[in-house]
Amino acid sequence: MTGRSPDAPLRIALLGLGTVAREVARALTERVNELRLVTGGRELQLVVLGVRDPGRSRGLELPPDLRLTDDLADVAGSPDADVVVELLGGLDPAEGLLRHALESGHGVITANKALLARRGLRLEALARSRELPLRFEAAVGGGIPILGPLASDLAANRWSSVRAILNGTTNYILSAMADQGQPYADVLADAQARGYAEADPAGDVEGRDAADKLAILTRFAFGSWIDVDAIPRAPDGLDGPGRPGISGVTGGDLARAREAGLMIRLLAQASRVDGELRVSVVPTAVATGGGFGRTDGVENRIELRGEPIGRVAFSGPGAGGGATSSAVLGDLIAIARGAGSSWAGLPPAIPARLVADAGRLDGSGPTLRTDTTRYPVLEEQPL
Ligand code: HSE
């Protein structure tokens with residue numbers, strides 16, 4: 001990235017051509033002049049596309065000069081690119097490709113929450129040591145801007161808790177099962193057809209995807225990369241932990257909750273209590289008319305409490321190609337304007353004391369249960 005004029009085109013290498021990447025490629029092909037208006041005149045130029053199967057590009061109009069290859073390492077280290085956009089997903093080869101890109105002097109943009117949640121500490125260290133931008137707004141909340149505000153406009157706050165719906169697929173499933181009484185398998189197939197679910201939807205329904213995003217949020221709100229695999233994803237049951245994520249939630253659970261004015265949501269929580277971080281991602285009963293209860297379908301919602309702001313909430317589309325491409329394109333625009341990494345001026349991550357906490361809210365007091373639901377009940381105050 002170094003040595004080029006700040007007015008020269010930002011040359012982009014794209015890895016992957018899945019649901020989100022197709023929308024990014026489409027925008028970089030069809031909206032070149034429009035995007036130039038918001039980069040201060042700099043062109044966002046897609047120069048090389050790396051795909052495991054070049055046949056995937058069929059049916060998509062792409063820039064005429066675009067180089068198309070299945071040699072992903074060649075794309076990551078490409079001397080004719082300034083920035084590499086990784087939209088392959090998965091841990092490997094994605095991590096090696098990102099490291100190769102940074103070591104080749106390229107800025108990097110990724111939506112890969114699984115990779116960041118597990119290897120964020122060392123990727124952050126590499127990007128910092130190379131003084132290159134590593135941006136990943138699309139990794140949390142789909143199209144919702146959340147990492148940027150936490151690192152910049154909200155950076156003065158000391159956060160005490162994060163509560164969030166972070167997985168569009170499970171929220172879509174829970175909404176459709178509760179509202180239309182549709183069977184789980186049908187709704188999951190529908191969410192997959194809409195491009196919300198991961199390649200292996202078990203990661204969505206068992207809460208791993210939401211836990212990955214909570215780990216990234218925790219780094220931004222509390223300054224530490226935590227052990228994502230220590231985040232509990234199964235609710236406490238009378239006979240021990242239940243099934244992970246929403247995989248144990250039944251139509252009957254949803255119907256009984258509804259009679260009591262409650263909805264079941266997969267709620268991710270992180271809070272700081274006496275210097276410890278308490279984290280969980282478990283199905284939780286919320287008031288139908290509250291902020292989380294009204295978060296329907298593929299929407300996500302992220303609420304933070306802190307001082308001096310009090311409570312602040314973000315909501316919007318949490319999955320889907322179009323919405324998520326908005327965040328990736330936003331990161332490209334930021335790099336074209338000369339911005340650095342997603343963490344902006346936040347200090348390097350520090351170690352944290354972590355308490356895996358599946359059954360408590362705000363890290364204090366017992367799990368709340370009622371006769372009508374076997375899940376913890378969130379007591380919400382109006383915003
Ligand atoms: N599978 C994810 C979800 C995609 O449903 O939220 C967006 O990260």
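This is a predicted model: local features need pLDDT of at least 70, side-chain atom pairs count only at pLDDT 80 or more; totals for chains, interfaces and linings use all residues.
The protein chain is divided into two assigned parts, domain 1 (10-110) and domain 2 (150-317 + 350-376). The C-alpha centres of domain 1 and domain 2 lie 32 Å apart.

The ligand was examined next. The space that the ligand takes is the largest pocket. Twelve positions are listed around the ligand: Lys113, Asn167, Gly168, Thr169, Tyr196, Ala197, Glu198, Asp204, Asp209, Lys213, Gly318 and Ala319. Sorted by class, this shell has 5 charged, 4 polar and 3 nonpolar residues. Two helices, α7 (168-180) and α10 (208-222), each supply at least two residues of the shell.

In threonine 169, a side-chain N or O atom is 2.6 Å from an oxygen atom of the ligand. In aspartate 204, a polar side-chain atom lies 2.7 Å from a ligand nitrogen.

Most peptide bonds are trans, and most residues other than glycine have a negative phi.

A cis peptide bond joins aspartate 92 and proline 93, with omega about 10°. Proline 93 is found in the loop that runs between β4 (83-86) and α4 (94-103). Another cis bond leads from glutamate 307 to proline 308, and its omega is near 10°. Proline 308 is found between two strands, in the loop from β12 (299-307) to β13 (310-317).

Aspartate 274 concerns phi instead. Its phi is positive, near 50°, although the residue is not a glycine. Aspartate 274 also belongs to a loop, the one between β10 (262-273) and β11 (276-287).

Key:
Residues are numbered from 1 along each chain as its sequence is written. Side-chain values use heavy atoms; hydrogens and water are left out. A residue is near a molecule or strand if one of its heavy atoms lies within 4 Å of it. A polar contact is a pair of N or O atoms within 3.5 Å; within protein, one must be able to donate a hydrogen and the other to accept it, and residues adjacent in sequence count only if both atoms are side-chain atoms. On a 1 Å grid over the protein atoms alone, a cavity is a set of points where a 1.4 Å probe fits but cannot get out, and a pocket is an open set with protein on both sides within 12 Å along at least five of seven lines; lining residues have an atom within 4 Å of a point. A molecule sits in a cavity or pocket if more than half of its atoms lie within 2 Å of its grid points. Helices (H or I, at least four residues) and strands (E, at least two) are DSSP runs, numbered from the N terminus. Ala, Val, Leu, Ile, Met, Phe, Trp, Tyr, Cys and Pro count as nonpolar, Asp, Glu, Lys and Arg as charged, and the others, Gly among them, as polar. Domain bounds come from an automatic or database domain assignment.
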